[in-house]
Amino acid sequence: MEVMPFSSFSVTKVPIFRSSALSPSLNYLPQDVCGQKFKLKSRKFSVCAAASGGDSVVTLLDYGAGNVRSVRNAIRYLGFDIKDVQCPEDILNANRLIFPGVGAFAAAMNVLNQKGMAEALCTYIQSDRPFLGICLGLQLLFESSEENGPVKGLGLVPGVVGRFDSSNGFRVPHIGWNALKIESNSGILDDIGGRHVYFVHSYRAMPSNDNKDWISSTCNYGDNFIASIRRGNVHAVQFHPEKSGVVGLSILRRFLQAKHYGVQRPIEREASKLAKRVIACLDVRANDRGDLVVTKGDQYDVREHTKQNEVRNLGKPVELAGQYYKDGADEVSFLNITGFRDFPLGDLPMLQVLRYTSENVFVPLTVGGGIRDFTDGNGRHYTSLEVASEYFRSGADKVSIGSDAVYAAEEYLRTGVKTGKSSLEQISRVYGNQAVVVSIDPRKVYVKNLDDIEFKAVRVKVPGPNGEEYAWYQCTVNGGREGRPIGAYELAKAVEELGAGEILLNCIDCDGQGKGFDIDLIKLISDAVSIPVIASSGAGAVEHFSEVFRETNASAALAAGIFHRKEVRRVISTGTQGSINGSHEVQGCTHLSLPDAALAGALFIGLPLLREPCSPYEY
């Protein structure tokens with residue numbers, strides 16, 4: 001797949017549009033919609049023969065939670081127009097309907113019921129009209145969910161949606177690229193059995209005798225769970241095709257062009273386990289001329305050591321993100337360290353970066369920096385939830401919280417009380433913990449004796465400057481400038497309890513050094529929590545990725561400078577959206593079956609990535 005070329009991009013010259021105008025939300029519809037009041041049990045619907053729009057129009061049911069912009073961008077990328085659902089009749093009149101559910105089960109059902117959409121949706125699906133549910137859009141079809149429940153669902157598919165079992169050592173949420181096993185004639189999934197697609201969820205539906213006729217594919221994560229269902233023209237998938245690169249785009253195209261599927265038998269490949277992820281990170285800030293640039297720190301110092309002392313400029317954020325997507329990065333992470341960080345909702349250039357990036361980058365996007373409560377210069381107070389919502393509407397799939405999470409953890413450890421008011425708790429409650437990453441910025445502090453400190457310490461492989469055999473990791477805030485009385489171990493345990501779904505584990509001492517990840521630190525934290533841990537800081541060679549996956553329980557590894565400086569020209573990770581059966585064929589190399597523990601996350605320097613397109617579609 002070739003991503004559409006990125007044009008020259010200057011943030012300061014792009015007109016600004018409010019995201020609310022671009023992403024209609026059912027949450028903000030008045031009770032009186034389409035001129036009539038709707039009550040779920042008092043209104044009977046019939047499906048109209050007339051379709052809404054022509055063959056190029058897709059009806060989108062956006063109930064107002066999470067990043068639906070990515071689905072919009074994927075639909076438009078494939079050449080289709082979008083009609084938003086404003087009232088129940090829009091559902092019934094749809095030619096084809098996509099329901100990209102994101103967030104909590106109960107919140108979604110509440111919106112559907114309050115707006116009269118639930119009954120219309122059931123009528124549409126029971127009439128065998130073309131339907132594609134995504135993630136929560138699949139779960140809502142089942143009878144009920146255990147998420148904050150039990151909560152009653154639409155009841156179209158037998159079964160209960162339950163939480164993954166983390167007691168068997170599997171980390172929850174299930175985040176990353178996993179393989180599908182095709183169970184039956186799946187239509188839109190033909191030819192992709194065993195291919196990796198992107199999942200991010202804590203709850204799943206399980207196969208049973210009652211729903212076996214619905215199941216079109218399964219996935220293994222501890223147990224086999226339902227990855228997709230199909231009955232006639234009705235499809236739903238637990239994964240995110242809009243975030244699954246070329247494979248995901250082919251699935252969407254097959255649904256949108258229904259006449260193209262159903263003639264081929266699935267190509268079966270051996271399903272693989274969850275792949276390790278390689279994430280490209282872009283530190284974004286304004287330079288001294290006010291232009292947004294990608295920079296890179298040396299132990300968090302982003303200025304050149306020259307007479308001019310300029311901000312280190314490694315390229316433009318949108319163009320670099322697009323390049324890393326083409327090169328095979330599993331995810332792209334933006335860290336917003338601009339001078340606008342004290343006023344997140346006024347940071348329109350960064351929002352525009354997300355909007356433009358998400359138009360052509362179809363893997364998960366994370367953004368961090370400035371996500372906290374604040375009061376602007378006019379005295380208006382914004383909650384961290386409002387700030388995060390703006391980022392989600394602009395194209396982010398996950399938000400990363402730093403300093404604010406440290407303060408919340410300190411308060412929680414001091415009082416033992418979850419107030420529900422911290423940014424971490426607010427955002428995870430509305431959008432789910434899979435949407436919240438906590439970024440930890442620790443600094444190594446050597447000690448001679450474990451009795452000298454109250455925080456969790458480890459025996460280090462390399463002794464300290466004075467022969468110290470132990471070290472603890474002191475957490476910092478404000479970009480590493482201020483140390484706090486809490487260790488990385490204690491912080492990680494606390495934020496997991498407060499609702500974090502993932503930990504981005506940095507290390508100030510290793511940042512920009514290119515000597516490898518801090519294995520002692522990563523092993524300490526990844527062994528302590530049951531949520532995924534992303535290893536960060538220090539990657540300087542291919543072997544560093546293999547080492548961190550071999551020596552620790554990290555679920556992903558993130559790097560910046562090694563990619564910006566083109567020390568690794570192509571990223572070929574175990575989960576990459578160009579992967580085939582969790583494997584990679586590289587010219588001049590033997591065939592590597594990934595992900596093996598010793599090889600997971602491997603990169604190949606200077607060798608081209610060979611992708612297999614999802615035949616018969618080309619991009």
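Select helix 8 (residues 317-327) to begin: eight of its eleven residues are buried, so this helix is largely enclosed by the rest of the structure. Buried means under 20% relative accessible area, exposed means over 50%, and partly exposed lies in between (1.4 Å probe, protein chains only). The model is predicted, so local features need pLDDT of at least 70 and side-chain atom pairs count only at pLDDT 80 or more, while totals for chains, interfaces and linings use all residues. Residues are numbered from 1 along each chain as its sequence is written, and side-chain values use heavy atoms, with hydrogens and water left out.

**Helix 8**

Colour the buried residues of helix 8: Pro 317, Val 318, Leu 320, Ala 321, Gly 322, Tyr 324, Tyr 325 and Asp 327. An α-helix has 3.6 residues a turn, so residues three or four places apart point the same way. Next, select Gly 328, which follows helix 8 and has a positive phi, near 110°.

**The whole chain**

Helices (H or I, at least four residues) and strands (E, at least two) are DSSP runs, numbered from the N terminus. Of the 619 residues in the chain, 61% are buried. A contact means heavy atoms within 4.5 Å. Among contacts between residues at least 6 apart in sequence, 72% join residues at least 24 apart.

Select the eight strands that form an open sheet with mixed pairing, in the order 4-3-5-6-16-15-14-11. Strand 4 (81-84) and strand 11 (181-182) stand at the edges with a single partner strand each, so one side of each is left without a neighbour in the sheet. Two strands pair if DSSP finds at least two bridges between them. Strands of a sheet pair through backbone hydrogen bonds, either parallel or antiparallel.

Within this sheet, focus on strand 14 (residues 215-221) and strand 15 (residues 223-231), which run antiparallel and are joined by six bridges. Ile 215 has Ile 229 in strand 15 as its bridge partner.

**The annotated positions**

Which residues does UniProt list for "active site"? The unreviewed entry gives Cys 135, His 240, Glu 242, Asp 283 and Asp 441. UniProt positions are given in the numbering used here, feature names are shortened, and annotations may be inferred rather than shown by experiment.

Select Cys 135, located in strand 6 (residues 131-135). The UniProt annotation "binding site", also from an unreviewed entry, covers Cys 135. Cys 135 is buried, with a relative accessible area of 9%. Leaving aside residues up to four places away in sequence, Cys 135 touches Gly 101, Val 200, Val 237, Gln 238, Phe 239 and His 240.

Move to His 240, in the loop between strand 16 (234-237) and helix 7 (245-256). Is His 240 buried or exposed? His 240 is buried, at a relative accessible area of 8%. A polar contact of 2.8 Å joins its side chain to that of Glu 242. A polar contact is a pair of N or O atoms within 3.5 Å; within protein, one must be able to donate a hydrogen and the other to accept it, and residues adjacent in sequence count only if both atoms are side-chain atoms.

Phe 239 lies in the loop between strand 16 and helix 7, and is buried with a relative accessible area of 0%. Beyond residues up to four places away in sequence, the residues that Phe 239 touches include Ile 134, Leu 180, Phe 199 and Ile 251.

Asp 441 is found in the loop between strand 24 (436-440) and strand 25 (442-447). Asp 441 is buried, with a relative accessible area of 17%.

**A last pair of strands**

Finally, select strand 30 (residues 533-535) and strand 31, which run parallel and are joined by two bridges. Ala 535 has Ala 557 in strand 31 as its bridge partner. Strand 31 (residues 556-559) is covered on both faces: Ala 556 and Leu 558 on one side, and Ala 557 and Ala 559 on the other, are all buried. In a regular strand the side chains alternate between the two faces of the sheet.
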